[in-house]
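Colleague: I would like to learn how to read a model like this one. Where do we start?

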Amino acid sequence: MSGITVVGLGPGDPRYLTREAWEVLEAAEEVWLRTDQHPVVAGLPRHLSLHSFDYLYDELDEFDQVYEAIVREVLALGHR
């Protein structure tokens, strides 16, 4: 899989992930999470290398700043 794929983790229970989202996650090796505090994280496929942007919530004062920084980092990840 190449490029950037964005997958929503749903309302909080892994059984509510769409089939397509689960298939994308199963096929991935590495996943970047907006936050690793989402309840679905514990139910993700075990082989995934998980990273999160949680540190940005600690470094920045406003949610808008956090989300802008996440977008910049995701775009940079897509070019590596």
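Modeller: Start with the nonpolar core, a set of buried Ala, Val, Leu, Ile, Met, Phe, Trp, Tyr and Cys residues joined through side-chain atoms within 4.5 Å. Buried means under 20% relative accessible area, exposed over 50%, and partly exposed in between, with a 1.4 Å probe and protein chains only. This is a predicted model, where local features need pLDDT of at least 70 and side-chain atom pairs count only at pLDDT 80 or more, while totals for chains, interfaces and linings use all residues. Residues are numbered from 1 along each chain as its sequence is written, and side-chain values use heavy atoms, with hydrogens and water left out.

Colleague: Which residues make up the largest nonpolar core?

Modeller: In soluble globular proteins, nonpolar side chains tend to be buried together. Here the largest core has eleven residues: Leu9, Leu17, Ala21, Leu25, Ala28, Val31, Leu33, Val40, Val41, Leu44 and Leu48. Helix 1 (19–27) and strand 1 (30–33) are the elements that give two or more residues to this core. Both are DSSP runs numbered from the N terminus: helices are H or I with at least four residues, strands E with at least two. Another core, of five residues, lies apart from it and includes Phe53, Leu56, Ala69 and Ile70.

Colleague: What is Leu9 in contact with, beyond its neighbours within four places in sequence?

Modeller: Contact means heavy atoms within 4.5 Å. With those neighbours set aside, Leu9 touches Leu17, Leu25, Leu33, His38, Val40, Val41 and Leu44.

Colleague: How do I read the two faces of strand 1?

Modeller: In a regular strand the side chains alternate between the two faces of the sheet. In strand 1, Val31 and Leu33 form the covered face, and Glu30 and Trp32 the uncovered one. Two strands pair if DSSP finds at least two bridges between them. Strand 1 pairs with strand 2 (residues 49–52) in the parallel sense over four bridges, and Trp32 stands opposite His51 in strand 2.

Colleague: How many salt bridges are there?

Modeller: A salt bridge is a side-chain nitrogen of Lys or Arg within 4 Å of a carboxyl oxygen of Asp or Glu. The count by this rule is one salt bridge. Asp13 forms a salt bridge with Arg15, and their closest N and O atoms are 3.1 Å apart. Asp13 is partly exposed at 28% relative accessibility, whereas Arg15 is exposed, with a relative accessible area of 63%.

Colleague: Is Pro11 buried or exposed?

Modeller: Pro11 is exposed, at 71% relative accessible area. Pro11 lies in the segment before helix 1.
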